[in-house]
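Good morning, and thank you for joining this group meeting.

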Amino acid sequence: MKRSILITALLLAACSGTRIAVDVGHSKLHPGATSSRGVSEFEFNSTLARVVAQELRREGATPILIGIDGKMDDLHARTPHAKGAKFYLSIHHDSSKDEYFSTWEWHGKKENYADQFSGFSLFVSRKNPYPEKSLECASAIGARLMKAGFAPSTYHADKVLGEGREWADEKHGVYWFDNLVVLKTATQPAALLEAGVIVNRKEEKMLSTDETRRKIASAVRAGLFDCKILP
Ligand SMILES: [Zn+2]
């Protein structure tokens, strides 16, 4: 009897699946940054978000993909879609200030690049209702990314190279970004992941591979497990 109750409980837990909001940064109309080979950030974000969702689904979680159709132009319209989610993860790819761009020719077209910038970054907001949990999870994801061989960026903390952002957890690449709309309007712990710098020509190439995307997705899933969002 006890055993059957346990099995039923386990089955229920497996079916219901923890809901995780996977937010695709930018839209088709406002595609964000442009990579050193002329690919839009939205394209990078949506491809990675699909792989993250796939990884979460495989682990029994229920991802809620927000903005995957590229039509989500209003930032404030995003977070209401995360109803019932235990965590909100916004997926982006990074660039640098325009003043650091150099140009080169790729497939006959002039493109911008800035190879001196690299690495992943995570952002959390003190205006989110759960800043501590947001930070705990962002740090956990950062730690898992580092374990998988990725290095955190540092330039966002620099006033000249970046925007002089305050570190939330320097060791794991986590910055405070209090006014980021999706982070402060989310009703659950939230973080924004800049998976890497797509204006860095070498890093862009690495970020374009399936293997890298799977590694990032796996680090996200493991990080959410470490901070006890995923069972
Ligand atoms: Zn972005």
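Let me begin with a term: a residue is called buried if 20 or more other C-beta atoms lie within 10 Å of its own, exposed if 12 or fewer do, and partly exposed in between, with C-beta atoms placed from the backbone. By that rule, 48% of the 231 residues of the protein are buried. What you see is a predicted model, in which local features need a pLDDT of at least 70 and side-chain atom pairs count only at pLDDT 80 or more, while totals for chains, interfaces and linings use all residues. Residues are numbered from 1 along each chain as its sequence is written.

I turn to the overall picture. The protein has 6 helices and 9 strands; these are DSSP runs numbered from the N terminus, with helices (H or I) of at least four residues and strands (E) of at least two. Its radius of gyration, taken over C-alpha atoms, is 18 Å, close to the 17 Å that the globule rule gives for 231 residues, so the protein is as compact as a globular protein of that length. The globule rule is 2.2 Å times the number of residues to the power 0.38. Along the principal axes, the C-alpha atoms fill a box of roughly 70 × 35 × 35 Å.

Next, the strands. Two strands pair if DSSP finds at least two bridges between them. Strand 1, residues 19-24, pairs in the parallel sense with strand 2, residues 62-66, over 5 bridges. Within this pairing, A21 stands opposite I64. From strand 1 the chain passes through helix 2, residues 41-58, to strand 2, and this β-α-β crossover is right-handed. That word applies if, with the strands pointing away from the viewer, the path from the first strand over the helix to the second runs clockwise. Strand 1 also pairs in the parallel sense with strand 3, residues 87-94, over 5 bridges, and there V22 has L89 as its bridge partner. Is strand 1 enclosed or open? Of its 6 residues, 5 are buried, so strand 1 is largely enclosed by the rest of the structure.

The expected span of a helix is 1.5 Å times one less than its number of residues. For the 18 residues of helix 2 this should be 26 Å, and its end C-alpha atoms are 26 Å apart, which agrees. Its buried residues include F42, F44, L48 and V52. The buried residues of helix 2 pack against several elements, among them strand 1, strand 9 (190-197) and helix 6 (210-226). Just after helix 2, G60 takes a positive phi of about 90°.

Now to the interior. A nonpolar core is a set of buried Ala, Val, Leu, Ile, Met, Phe, Trp, Tyr and Cys residues joined through C-beta atoms within 7 Å. The largest one here has 62 residues, and V52, L89, I141 and A191 have the most contacts inside it. Two residues are in contact if their C-beta atoms, placed from the backbone, lie within 7 Å. Leaving aside neighbours within four places in sequence, I141 is in contact with residues including L122, A191 and V220.

Finally, I compare two residues. L207, in helix 5 (residues 201-207), is buried, with 23 other C-beta atoms within 10 Å. E111, in strand 5 (residues 109-113), has 19 C-beta neighbours inside 10 Å and counts as partly exposed.
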